[in-house]
Amino acid sequence: MRDLSGRTAFITGGASGIGLAMADAFADKGMRLVIADVNKAALDQTEAHFKQRGTEVLSMLLDVTDRPALEAAVKRIEAFGKLHVVCANAGIPPSGAKVAETEPAKWDRMMAINLTGVYNTVHYTLGLLRAHGEGGHIVITSSMAGAVAASPIGDYVVAKYAAVGFGEVMAWELKPDNIGVSILMPGTVVSNLSGRPPEPNPTAMNAADVGKRVVKAIEGNELHVFTHADYKPYVQARCDALMAAFGESAQAGFKEPEQVMAMMSQNAYPPKG
Ligand SMILES: NC(=O)c1ccc[n+]([C@@H]2O[C@H](COP(=O)([O-])OP(=O)(O)OC[C@H]3O[C@@H](n4cnc5c(N)ncnc54)[C@H](O)[C@@H]3O)[C@@H](O)[C@H]2O)c1
């Protein structure tokens, strides 16, 4: 989506950190904003911030796990104006346990917010993106933890890997609607994710830089969006290991049925054309 000016973006978890930075970068481009968050105080501050900037803004107290609330939000967004950009960004940090030892309640909460929350956000707003026929863009905030498995952040890794799959499948499913998808996969970014005030960390990336990177990704319709090149060797090692693991199967010579391969050639990532 080349021209963002005058378009409307919906951002979950938009009252802090990366979501707020995306909102700021969108406002720089002259976009209108719908900001959703569960943190009322941060939401009020965010609304005041954008009103002061002269940006048209609608803020809503919304939990991405609450489907009836999302359905109601869709009606309010529709009344606010045509929707072109959806950012499924709200998220919580890892519980810090070894993956199989994660407490069931913490596991369920992780999946409900960091994975199903992403699905919910897109599922309920997709109709608004399609309604005007002008195309649009969806941003999924995954993480570097969506491409590199690490401990003890396993519950977070599982949700973020799955969010990557969700985005990659959508990239080809939504191509006929001219709706692009970007999967944001940052390393450490200064934010409130830990629940504590951000510690000064001269090596962590500023959220503002991530916000600007997202604008570029939307304008260039980039699918995978990396921000931290330091992780390249880890992603490379994982890709190499996956490819090497095919060795045995190539020797065995088994073939996938032709109709399955025909389906893959039409519908598998990466999107054609
Ligand atoms: N900060 C990092 O280092 C980093 C790195 C990679 C990915 N991420 C991802 O970026 C996204 C944004 O996180 P952040 O770092 O800006 O943290 P943050 O805590 O500053 O912002 C997250 C926002 O999401 C909101 N939120 C939490 N649960 C919600 C829910 N159920 N419904 C609606 N809003 C909810 C919070 O109130 C908060 O305002 C998350 O998905 C996170 O996993 C962060």
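Which helices each supply at least two residues of the shell around the ligand? Helix 1 (17-28) and helix 5 (154-173) do; helices are DSSP runs of H or I with at least four residues, numbered from the N terminus. The model is predicted: local features need pLDDT of at least 70, side-chain atom pairs count only at pLDDT 80 or more, and totals for chains, interfaces and linings use all residues. Residues are numbered from 1 along each chain as its sequence is written, and side-chain values use heavy atoms, without hydrogens and water.

**View 1. The shell around the ligand.** The ligand is surrounded by 26 residues, and the closest are S16, I18, D37, Y156 and S191 (near: a heavy atom within 4 Å). By class, the shell has 10 nonpolar, 13 polar and 3 charged residues; Gly counts as polar, and Tyr as nonpolar.

**View 2. Ligand oxygen atoms and side chains.** A ligand oxygen lies 2.6 Å from a side-chain N or O atom of Y156. For S191 the corresponding distance is 2.6 Å, and for K160 it is 2.9 Å. The protein covers 92% of the 820 Å² of accessible area that the ligand has on its own (Shrake-Rupley method, 1.4 Å probe).

**View 3. Helix 1.** From first C-alpha to last, the 12 residues of helix 1 reach 17 Å, close to the 16 Å expected at 1.5 Å a residue (1.5 Å times one less than the number of residues). Because 9 of its 12 residues are buried, helix 1 is largely enclosed by the rest of the structure (buried: under 20% relative accessible area, 1.4 Å probe, protein chains only). Among the buried residues are I18, M22 and F26. G30 follows helix 1 and has a positive phi, near 85 degrees.

Conventions: A polar contact is a pair of N or O atoms within 3.5 Å; within protein, one must be able to donate a hydrogen and the other to accept it, and residues adjacent in sequence count only if both atoms are side-chain atoms. Buried means under 20% relative accessible area, exposed over 50%, partly exposed in between (1.4 Å probe, protein chains only).
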